[in-house]
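Grab a pencil and have the model open beside you. Each exercise below sets a task and then walks through a solution.

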Amino acid sequence: MSRDGDVSSETTRSARERLSRDAERSGYHLNPDAAKTERIVRGLLVNEGRFGYRSCPCRLAAGERGRDRDIICPCDYRDADLTEWGSCFCGLYVSAAVLKGERALAAVPERRPPGGAAAKRPAAAGGIAQGRALPVWRCRVCGYLCARDGPPEVCPICKAAADRFERYV
Ligand code: SF4
């Protein structure tokens with residue numbers, strides 16, 4: 001792949017297939033609209049060629065990993081958007097309800113704070129950005145722990161549904 005965004009259809013297709021397999025293994029789903037997902041995946045690959053990481057193709061990247069960390073795909077906002085809107089901001093990932101046709105896709109409003117998450121976090125000594133304290137959720141089936149605003153739709157380890165999670169801390 002060149003730095004000017006020259007990504008072949010074959011490379012894009014195989015990256016989409018790999019992403020889809022990885023997503024399904026973790027309880028996530030790619031949008032079944034293959035043409036749309038290939039456009040988004042191509043954008044991810046173009047950004048990877050430009051910046052060295054797959055920053056979200058639907059957002060303006062700063063081009064510095066530290067400032068773009070929250071929008072490296074899958075971004076920090078994916079899960080909350082899947083829960084609330086049934087899809088991530090770009091429409092690459094969809095919820096199980098959307099996949100089964102039980103819920104229609106809607107336009108997803110931007111959840112990222114202006115300037116990005118890094119702009120909201122004061123840097124601590126040593127340059128590590130300090131995030132706000134998030135609640136910790138525990139899967140009651142397998143014990144998987146995650147710190148986030150709410151439990152995931154599906155446990156990425158054992159695939160238990162969100163209602164099998166309890167707030168741990
Ligand atoms: S919105 Fe998030 S999860 Fe969706 S393509 Fe962009 S970075 Fe990836």
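**Exercise 1: a cavity and its lining**

The lining of the second largest cavity splits into four nonpolar, two polar and three charged residues. Here Ala, Val, Leu, Ile, Met, Phe, Trp, Tyr, Cys and Pro count as nonpolar, Asp, Glu, Lys and Arg as charged, and the others, Gly among them, as polar. Before starting, note that this is a predicted model: local features need pLDDT of at least 70, side-chain atom pairs count only at pLDDT 80 or more, and totals for chains, interfaces and linings use all residues. Residues are numbered from 1 along each chain as its sequence is written, and side-chain values use heavy atoms, with hydrogens and water left out.

Task: find which residues line the second largest cavity, then look at Asp79.

Step 1. The lining is Gly27, Tyr28, His29, Asp79, Leu82, Val94, Arg148, Pro152 and Glu153. On a 1 Å grid over the protein atoms alone, a cavity is a set of points where a 1.4 Å probe fits but cannot get out, a pocket is an open set with protein on both sides within 12 Å along at least five of seven lines, and lining residues have an atom within 4 Å of a point.

Step 2. This cavity has a volume of about 50 Å³, where a volume is the space filled by probe spheres set on the grid points, which are joined across faces, edges and corners.

Step 3. Asp79 sits in helix 4 (residues 78-85); helices (H or I, at least four residues) and strands (E, at least two) are DSSP runs, numbered from the N terminus. Asp79 has a relative accessible area of 13%, so it is buried (buried is under 20%, exposed over 50%, partly exposed in between, with a 1.4 Å probe and protein chains only).

Step 4. Leaving aside neighbours within four places in sequence, Asp79 is in contact (heavy atoms within 4.5 Å) with Tyr28 and Arg148.

**Exercise 2: the largest cavity**

Task: which residues lie nearest the centre of the largest cavity?

Step 1. Two cavities of 30 Å³ or more are counted, and the largest holds about 80 Å³ of space.

Step 2. Of its 15 lining residues, Cys56, Cys73, Cys75, Cys88 and Cys90 lie nearest the centre.

Step 3. By class, this lining has 13 nonpolar, no polar and two charged residues.

**Exercise 3: two helices**

Task: how do helix 1 and helix 2 pack?

Step 1. Helix 1 (residues 9-25) and helix 2 (residues 34-51) meet at about 100°, with axes 9 Å apart. Axes are lines fitted to C-alpha atoms, for helices over the stretch in contact, and angles run from 0 to 180 degrees between N-to-C directions.

Step 2. So helix 1 is roughly perpendicular to helix 2 (65 to 115 degrees; under 35 is roughly parallel, over 145 roughly antiparallel, the rest oblique).

Step 3. Among the residues making the contact are Thr12 of helix 1 and Glu38 and Val41 of helix 2.

Step 4. Thr12 counts as buried, at 4% relative accessibility. Not counting residues up to four places away in sequence, Thr12 touches Val7, Glu38, Val41, Arg42 and Leu45.
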